[in-house]
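Me: I have a structure open and would like to learn how to read a few of its features. Could you take me through them one by one?

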Amino acid sequence: MKKKVILAFFALACALGVEAKIGTQIGNVMARKTTSLNGQWNYIVDVQEEGYYDYRMHVTRWGFFQNAKPRRPEDLIEYDFDKAPTMQVPGDWNTQDERLFFYEGTVWFKRSFDWHQTAGRRTLLYFGAVNYDAHVYVNGQETGHHVGGFTPFNMDVTELLKEGENVLIVKVDNKRKAENVPTLIFDWWNYGGITRDVYLVDVAETYVESWSLPLTPSKGRGNVITFSVKLNKPVEGQEVTLSIPELKVKKKFVTDAAGQILNCQLSIANSKLTLWSPETPKRYRVEVSMNGETLVDSIGFRTIETRGKQLLLNGKPIFLKGISIHEEKPNGGGRANGTNDAHTLLSWAKELGCNFVRLAHYPHNEYMVREAERMGILVWSEIPCYWTIAWKNPKTYANAQQQVTDMILRDRNRANVIIWSIANETPHSAERDKFLGNLAQYARSLDSTRLISMAMEVTSASNYKNRLQDNMSKYVDVVSFNQYIGWYRDVNDAPKMVWEIPYDKPVIISEFGGGAKYGLHGAKNQRWTEEFQENLYKENVAMLDKIDGLAGTSPWILKDFRSPRRVLNGIQDYYNRKGLYSDKGEKKKAFYVLKQWYEGK
């Protein structure tokens, strides 16, 4: 009964109309003064939402709920949760508790922490990501509700904190729903939990909430850097200083009535600036200062654009030698988090010969993007509008748009991110075109310095003639599509294929490949063997070389990853086996085919 009483308290807080305040995302959190709340958290599995149910059924006979004035909820929290087991945050519950391997539902998490008020300062509570639906409670008061499993969110909790010990509760629900993004059906593991970092962030009453500093193409003016700032509140006349010491840049700007500095341009001589590229991933120390506080970041400067069927990085044609990656740990399963996981996965991509990765099918953690930037690897970042979304549902669109917003706000200062992708393999319809068309235009309005794309599907005009025809072609800068010649049809068809892509835009083959179990050998026509996958790659790269305007590829996929759709006993065992590495990091024979092809590009 104690457990039910505790959970019901939180349901009551929500039912009584507690306002859940999620603030605009704070940028560059790694540069701020933070207190980590990572570590061991207590957790309670609530399979049937008993807390919510018991509130509705029994609130009248639980005396401490009378008049909506519960007695000390923190006492109840301590009593019950401290008897509960613990798991690591950040982390997923599927691989930390074997009982929860397939679990989709609610888990309540609890963490205590000390806090002390500093005059003139505010405290934000920041989550890197929670999958999927999160209700956040501080000292028994609901302070935030966030929907979406792969983007950060934060809230100001200053007024809810007290001197000394405080209690944080997070209700996490990863149940799939038709109106969600992604929707009910997707082909990766639905890892539940608080999957990324949790921080307390110390800020001033008025602070720089976010800022951007892109290099924009400019004819005849040298290199032009555009500086924009947004404060957390509309304060006019606030002085903000931008410094780039190595470039001898130090300039002061003043906020407008909305508390913003918009599109202030600075010209830098060509001779002074080393542009970021995979060969030279140069980054500069950038300082943004206000009222004695300085935010520091390492920023690279580059341009990305298209010219006909060419993709241009810093004004020069580039071929994207890529691979797709899921956010899963390098050796075995589980949600990846932290620089070590990122470095291992990206090192495997570098060994393959890659200068580019497609981070599928959702925004990956910030460590991944930053480590790729440091290592000189270009990035395609995507939101999970995957397969069939509820195109007619306004709430679904709002969810997708918010995920685009959060993805761009977090990573818009990363030089290596060159493509924002808005969808993957979405069936054609008028409703889909309207949904994704609006989303593409919205993404471009937030960031016009990068390219917009999506992974399309090919419509076949005849047996061996493949024609790409998609109404979304007018919204994207790069035409990208997935094809599985050799896996979902005979590999012997590859030499006969003719590709018709009627758009004067660069082409990326965003997926191709086939499955193989590491260590399983046989004839090249025997499915699931390494030889089959090896031959599939040989036939595919020869076919792709004939595609006019081919500007890059990101085959499916770097490593085997978990998926509940992949059930073939003794072969898949809940893994998608299309990886060029096994789930334990062992190279398959197809690895060397792709590596050799990339070496010739």
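Me: Let's begin with Tyr574: where is its place in the structure?

Reply: This is a predicted model, and in it Tyr574 sits in the loop between β33 and β34. Its phi is near 70°, a positive value in a residue other than glycine.

Me: Which other residue has a positive phi although it is not a glycine?

Reply: Asn291 has one, at about 50°. You will find Asn291 in the loop between β17 (284-290) and β18 (293-299). Asn291 is exposed, with a relative accessible area of 55%.

Me: And Tyr574, is that residue buried, partly exposed or exposed?

Reply: Partly exposed: the relative accessible area of Tyr574 is 32%. Together with Phe102 and Val567, Tyr574 makes a nonpolar surface patch of about 290 Å². Val567 belongs to the loop between β33 and β34 and is exposed, at 52% relative accessible area.

Me: How should I read aromatic pairs?

Reply: Two values describe a pair of aromatic rings: the distance of the centres and the angle of the planes. Searching the whole structure gives 31 aromatic pairs. In one of them, the ring centres of Phe102 and Tyr574 are 5.2 Å apart and the planes stand at 70°, so this pair is edge-to-face.

Me: Which parts does the pair of Phe102 and Tyr574 tie together?

Reply: Phe102 is in the loop between β3 (86-89) and β4 (106-115), while Tyr574 is in the loop between β33 (561-562) and β34 (575-576), so the pair ties together parts 472 residues apart in sequence. Another edge-to-face pair is Trp188 with Tyr386, at 5.0 Å centre to centre and 85° between the planes. That pair also links distant parts of the chain, 198 residues apart: Trp188 is in the loop between β9 (164-173) and β10 (198-204), and Tyr386 in the loop between β24 (378-382) and α6 (394-411).

Me: Are Trp188 and Tyr386 buried or exposed?

Reply: Trp188 counts as buried, at 3% relative accessibility, and Tyr386 counts as buried at 5%. Ring pairs also link Trp188 and Tyr386 into a cluster with Phe150, Phe186, Tyr362 and Trp387.

Me: Which charged residue sits over the ring of Tyr284?

Reply: Lys282 does, with its charged end 4.8 Å from the ring centre of Tyr284. Likewise, Arg527 lies over the face of Trp487, at 3.9 Å from the ring centre.

Me: Now the strands. Why is β31 described as largely enclosed by the rest of the structure?

Reply: Look at burial residue by residue: in β31 (residues 507-511), five of the five residues are buried, so the strand is largely enclosed by the rest of the structure. Then look at its partners. β29 (residues 479-482) pairs with β31 in the parallel sense over four bridges, and Val479 stands opposite Val507. β32 (residues 550-553) also pairs with β31 in the parallel sense, over three bridges; there, Leu550 is the bridge partner of Val507.

Me: How many residues of β26 are buried?

Reply: Six of the seven in β26 (residues 451-457), so that strand too is largely enclosed by the rest of the structure. β25 (residues 417-424) runs parallel to β26, joined by four bridges, and Asn424 has Ala455 as its bridge partner.

Me: Finally, which peptide bonds are cis?

Reply: Among them are Val181 to Pro182, with omega near 5°, and Trp556 to Ile557, with omega near 15°. Pro182 is in the loop between β9 and β10, and Ile557 in the loop between β32 and β33.

Notes:
Residues numbered from 1 in each chain as written. Predicted model: local features only at pLDDT ≥ 70, side-chain atom pairs only at ≥ 80, totals over all residues. Heavy atoms only, no water. Phe/Tyr/Trp six-rings, centres within 6.5 Å; stacked < 30°, edge-to-face > 60°. Helix = DSSP H or I, 4+ residues; strand = E, 2+ residues; numbered from the N terminus. Buried < 20%, exposed > 50% of the residue type's maximum accessible area, 1.4 Å probe, protein only. Lys NZ or Arg CZ within 6 Å of the ring centre and 35° of its normal. Patch = residues over 30% accessible without salt bridge, like charges linked within 9 Å, V, L, I, M, F, W, Y side chains within 5 Å. Areas by Shrake-Rupley, 256 points an atom, 1.4 Å probe, with all protein chains shown as cover. Salt bridge = Lys/Arg side-chain N within 4 Å of Asp/Glu carboxyl O. Pairing = 2+ DSSP bridges.
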